[in-house]
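Here is a short briefing on one protein chain. Keep the sequence and the 3D view open as you read.

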Amino acid sequence: MTSEVTDKVRTRYAELVAKINDAQHRYYVDDAPTLSDAAYDELMHELEALELAQPELVSQDSPTQRVGAGDWLGFASVDHAERMLSLDNAFNDDQLAAWAVRVEKDAGAPVRYLCELKIDGLAVNLTYEKGRLTRGATRGDGRTGEDVTANVRRIAGIPHKLAGDNPPDLVEVRGEIYFPAQAFADLNAAQLAAGERTYVNPRNAASGSLRQKDPSITAKRALHLIVHGIGARTGFEPTSQSDAYAQLKSWGLPTSERWRVVDSLDEVKAYITNYAEHRHDLEHDIDGVVVKVDDVAEQVKLGATSRAPRWAIAFKYPPEEVNTKLLGIEVNVGRTGRVTPYAVLEPVFVGGVTVTSATLHNQQEVVRKGVRVGDTVVIRRAGDVIPEVLGPVEALRDGSEVVWQMPATCPSCGTKLAPSKEADVDLRCPNARYCRKQVIERIIYIGGRDGLDVEGMGEKAAIALVEGGVVTNEGDLFTLDEKLLSQSPFFLKKDGTLSTNAGKLLANLEKAKQQQLWRVVTSLSIRHVGPTAARALADHFNALEAVEGPAIASASLEQMSVVEDVGGTIAEAVREWFAEDWHREVVEKWRAAGVRMEQEPVADTGPKPLDGLTVVVTGTLEGHSRDEAGEALTALGAKVAGSVSKKTSFVVVGENAGSKLDKARSLGVPILDEPGFAVLLEQGPEAAKAYADANRETE
């Protein structure tokens, strides 16, 4: 029997729910966590204890009532009647032309194209049954989204009931919710005046505004919708995309006035060029143009792959370039001692984010580009991912700019920098054993996906371990216990006891002792030895060190050099690494702690079905994790690579495949979706190539 709930308890419960929901919002949505893992775990533990003691307190918006990050706001999951597919991309005229040739070949005749702007907003799916709006949902993963019906109903311009006397029994209307540029500026100004956080771009503002738990807040935001397609429908069978848009408009749905139907690829290109020149004259952000086959019968004939329709493509505009001030040049120290300069910038919005720094690669690159501190520089967010300094705007120099000099000593430990080899353009800190920044970076890498994959051993934990003197270097990791972790406040609760986070770290370190040998080799941070070379060494020698027989640590340069994917440079780096006494001490400490240092020899069953193939896996697969997919491929003889080149045999793509898919398409590399991946594993490369050709993922 529970005790009476006091006002104090109710107040504390409400505070906990609000704090945890806010922390989840900032972590999952804003990508800007405000609580440490330990502090978050402490709040969640207190909430769970309160709910256990007072079950009548439990509310639907409690974070304990949700499973996974996808439902963090308490919105129910809802399946779309027809899947919301992605779009393939074209980045230049050649790729667009290749798509058009493929379309007209498969259609058997020239086709008419509908061109429309690709609005940079939040995709939604509106369901109308017998003319009434019954559901609004976010795109989600394409199959399942979040039910945001109550919020959608509060957006001006979205009809609750379709106009006209004979609405269809069912129609799914797809569209993009966006913030007009001026409304976005006004919102941020109001947020700033009220002391609230501002949004980084209109898309984030639209997403955050639509996902408000209180629909009245959504109603106050100047959100707009433009519809751009239809999904499942009953009682509505348009003959063309343009007819569908005309009908949607007649029902009172907000359609664009800027779409055009054209008869040739030249007209498509003219449309694209026009809006490339006027993209900043629009009331909303765009990142390209969507081109669709207009005729619905031809759309049906062309069909779709597992991820995108063959009858539509998105032409993406090049990344934007902007000017900003170069405030300074600083350097980072990496896990192998490499010291790299980076630009400190006056904050500037480019490519959808606010950029404050950009890579400069090495000191020679700074000289080559001719940039000086104080310059106005041109910034490009290449590939919408990595901000890059293109060079200075020399005409804006006023004489106050300063030529930058690479520091002579390590910014972390003060050791004199030097190239590791005479011809090496990179300067390195040779104090690998004691340089705190290098030790921290190596521990972070050990905890990462390419290392021993130790959950809970990220940047904050690594800094706490090293800066707090809990470990001297990575050799001490597997000697950690509760007593040692209690020396660092990072791993303690406010009452001085160990946090849940600390217990999880110890448990995950224990689990990591049984990781595969190649992961152990990778985690040693030997220069040039990434996962591919580490796997090759592990499979060839089967042991890091051995009492009898050849092993990685004792192999000669000749023995290592003959291993595929190793070669002379890597072999020499391995020998140099093991020549260091303190490196061998790290290995001995790990061995003494029980870290797995050997594996069963790989059975020689003769040629394997995927021998000689190089495969890249990108995006999220439903049936395999990235590691599982890699294991399946290597077990059959394939080499798994991290980047796409002309030598790549296949690219396996899942959801959100990104730039690797685009690179594969531009190079003509065969592309496999998940069913195609199964064909590769089960039937071999010839069947997989035929599958890729049949699915028209590449030309």
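R12, E15 and E46 are linked in a network of salt bridges. A salt bridge is a side-chain nitrogen of Lys or Arg within 4 Å of a carboxyl oxygen of Asp or Glu. This is a predicted model: local features need pLDDT of at least 70, side-chain atom pairs count only at pLDDT 80 or more, and totals for chains, interfaces and linings use all residues. Residues are numbered from 1 along each chain as its sequence is written, and side-chain values use heavy atoms, with hydrogens and water left out.

**Salt bridges**

- The count comes to 26 salt bridges.
- One of them joins E283 to R258, with the closest N and O atoms 3.1 Å apart.
- E283 sits in the loop between α9 (265-278) and β10 (286-293), and R258 in the loop between α8 (241-250) and β9 (260-262), so the pair ties together parts that are 25 residues apart in sequence. Helices (H or I, at least four residues) and strands (E, at least two) are DSSP runs, numbered from the N terminus.
- E283 is partly exposed, with a relative accessible area of 34%. R258 is partly exposed too, at 23%. Buried means under 20% relative accessible area, exposed means over 50%, and partly exposed lies in between (1.4 Å probe, protein chains only).
- K513 and E510 also meet through their side chains, at 3.0 Å from N to O. K513 counts as buried, at 10% relative accessibility.
- E545 forms a salt bridge with R591, and their closest N and O atoms are 3.6 Å apart.
- That pair links distant parts of the chain: E545 is in the loop between α17 (531-541) and α18 (557-561), while R591 is in helix α20 (residues 581-593), 46 residues apart.
- R591 is partly exposed, at 29% relative accessibility.

**The annotated active site**

- Where does UniProt place the feature "active site"? The unreviewed entry puts it at K118. UniProt positions follow the numbering used here, feature names are shortened, and annotations may be inferred rather than shown by experiment.
- K118 lies in strand β3 (residues 113-119).
- Leaving out residues up to four places away in sequence, K118 touches D285, I286, D287, G288, V289, V290, A314 and K316. Contact means heavy atoms within 4.5 Å.

**The sheet around β3**

- Strands of a sheet pair through backbone hydrogen bonds, either parallel or antiparallel.
- Here 5 strands form an open sheet in the order β2-β11-β10-β3-β9, and the pairing is mixed. Two strands pair if DSSP finds at least two bridges between them.
- The edge strands are β2 (89-90) and β9, and each pairs on one side only.
- β3 and β9 run antiparallel and are joined by 3 bridges.
- Y113 stands opposite V262 in β9.

**Four annotated cysteines**

- Which residues does UniProt list for "binding site"? The unreviewed entry names C410, C413, C429 and C435.
- They span 26 residues in sequence, yet no two of their C-alpha atoms are more than 8.6 Å apart, so they gather at one spot.
- C410 lies in the loop between β16 (386-392) and β17 (418-419). C410 is buried, with a relative accessible area of 3%.
- Not counting residues up to four places away in sequence, C410 touches V333, T415, L417, C429 and C435.
- C435 lies in the loop between β18 (427-428) and α12 (436-447). Is C435 buried or exposed? C435 counts as buried, at 0% relative accessibility.
- Beyond its neighbours within four places in sequence, C435 is in contact with V333, C410, S412, C413 and C429.

**Aromatic rings**

- A pair of aromatic rings is described by the distance of the centres and the angle of the planes.
- The structure holds 8 aromatic pairs. Rings of Phe, Tyr and Trp (its six-membered ring) pair if their centres lie within 6.5 Å; planes under 30 degrees apart count as stacked, over 60 as edge-to-face and the rest as tilted.
- F315 and Y317 form an edge-to-face pair, 6.4 Å centre to centre with 70 degrees between the planes. F315 is buried at 7% relative accessibility, and Y317 is buried at 9%.
- F490 and F491 are also edge-to-face, at 4.9 Å centre to centre and 90 degrees between the planes. F490 and F491 are buried.

**Charges over rings**

- R335 lies over the face of Y445, 3.6 Å from the ring centre.
- R535 lies over the face of W518, 4.4 Å from the ring centre.
- A charge sits over a ring if NZ of Lys or CZ of Arg is within 6 Å of the ring centre and within 35 degrees of the ring normal.
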